[in-house]
Amino acid sequence: MKLAKFKDPLPIPPVLKPKWKSNHYTYYEVSMWEAKQSLHIDLPKTTIWGYEGMYPGPTFEVEKGEKVYVKWENELPSEHLFPIDHTVHGAEVEKPEVRTVVHLHGGRTEPASDGYPDAWFTKGFKQTGPYFQKKIYEYGNQQRSRALWYHDHAIGITRLNIYAGLAGFYLIRDEKERSMNLPSGRYEIPLLLQDRSFLDDGSLSYPEQPEDSVSGIRPSIVSSFFGDKILVNGKVWPYLEVEPRKYRFRLLNGANARFFGLTLESGQMFYQIGTDSGFLEQPIGVPRLLLAPAERVDVIIDFTNLEGKSILLKNDAPTHFPIGDPVDPDTTGMVMQFRVKKQLSTIDTTMIPSHLTRFKRMSEQAEWVTRFLELSEEKDQYGRPFFLLDKKKWDDPITENPIAGTIEIWNFVNTNGDDHPIHIHLVQFQILDRRPFDVEYYKKTKQLIFTGAPILPDVTENGWKDTVRCPPGHITRIAMTFFPYIGQYVWHCHMLEHEDYEMMRPYRIIPQS
């Protein structure tokens, strides 16, 4: 199905209003329900699942240190929009088809409010998962200014629930950010990048596998999903009219598996000011941004002196990344269009500051705990590929038990062909380096032979992160401190088909003795 490009204006999700706000706390209620929404002017309205019935969900804007309570309510139908694969762990036949649990991605959150995959609940909380503890989640927001996002995390069906529309932005503000004179208000815009496919009736299309002739099971899991149309904030190939001035964009890759390699057709620079977890030390001008699923970047684009021009935001990341097919330049190679058509409303006095923040870089110490964790590809009983973390499945005994307040280095040893974006709940980390190694020798002996020198992180990654790209044939090293809570969390690949099918593991932070 062909759809014309740049026919719909970019929607900007509204800021969510609280039900109650005092000097001590802020209280929200957010319901998930099914709705019809126009995703392209030439498509019939699409059935989506949305927080507050909209896709993407409304944007939270909170202050650093503000105590926020959210009651997440599931008002969705009892039948799913997409086929449920009951061969996937966590999505067995006896489980309810429609289950939800919300994870604040990048949040420093207590275990009971983190959105643990087995803490799911159904409509009206009639059924709950084994780790369900509370109806109202608590977010302390003890973090500096940054862009987080919230999304569904129900075990076995995360890929389907997010694909249906369950995702939104969560922005933490502080006085330091306000003092920088960055573009703000209508000149600061969140951009949620995703890919989707559609049927002729406008409904979302998700692939389904044929019935297995031996078992009679009709599995629907695929190793990775890639749509043939790019959506930004829930619109297919939208356009945004801008003034000839600086704009701040909070970019988020919310796709199931697609990487985005972003460039501006005009050849101009992105001025990156932040990563997943806050500001860089100083801005950097880069011609290209690479975003794996769940990664975020904070950038300024300067449209000054470009009056009357239309500028295409393009994508050049292969499908699969990094070894897959090139993007189609007429479809998945296009993201959206900026039209510098608006009159300048006021003189632009905003700035790209020369200095943004200061943070201590982590240098390796002998007393730090070091772990080596393999990212491997396996085959299931039906011959389908699936991926494991350290050769273990979700229900295997927990083997990562860091002590609260200590620092560890995790080495992700990638022995397969995918670049896996690994996300660790609760913590933020710094990337130390990546280093190529002899994969086949490692598979035979579990011994490492390096084939090149360590590669420092890209300049676009030189900040605090919560999601890291782990390229094939490399060991990716990160360092992190486990605080401020003890308890059980998870780490996983953020390619949604991978995390749904066993590429996710619990870990437990234990108290100091």
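**Strands, a loop and their labels**

Mentor: Gladly! In this predicted model, strand β22 (residues 369–379) and β23 pair in the antiparallel sense over five bridges.

Trainee: What makes β22 and β23 a pair?

Mentor: Two strands pair if there are at least two bridges between them. β22 and β23 have five bridges, so they count as a pair. In β23, Phe387 is the bridge partner of Glu377.

Trainee: Which sheet holds these strands, and in what order?

Mentor: An open sheet of five strands, ordered β23-β22-β24-β28-β26, with mixed pairing. β23 (385–389) and β26 (429–436) each have a single partner strand, so they stand at the edges, and one side of each is left without a neighbour in the sheet. On average, neighbouring strands of this sheet are turned by 20 degrees against each other, direction ignored.

Trainee: Now the loop between α3 and β27, where Asp458 is placed. Glu461 is in that loop too. Why is Glu461 called buried?

Mentor: Buried means under 20% relative accessible area. Glu461 has 2% relative accessibility, so it counts as buried. Glu461 touches Thr275, Ile431, Arg434 and Arg469, leaving aside residues up to four places away in sequence.

Trainee: How do you know that Glu461 and Arg469 make a polar contact?

Mentor: Their side chains are 3.2 Å apart in that contact, and the cut-off is 3.5 Å.

Conventions. Residues numbered from 1 in each chain as written. Predicted model: local features only at pLDDT ≥ 70, side-chain atom pairs only at ≥ 80, totals over all residues. Heavy atoms only, no water. Helix = DSSP H or I, 4+ residues; strand = E, 2+ residues; numbered from the N terminus. Buried < 20%, exposed > 50% of the residue type's maximum accessible area, 1.4 Å probe, protein only. Polar contact = N/O pair within 3.5 Å; in protein donor to acceptor, adjacent residues only side chain to side chain. Contact = heavy atoms within 4.5 Å. Axes fitted to C-alpha atoms, helices over the stretch in contact; angles between N-to-C directions.
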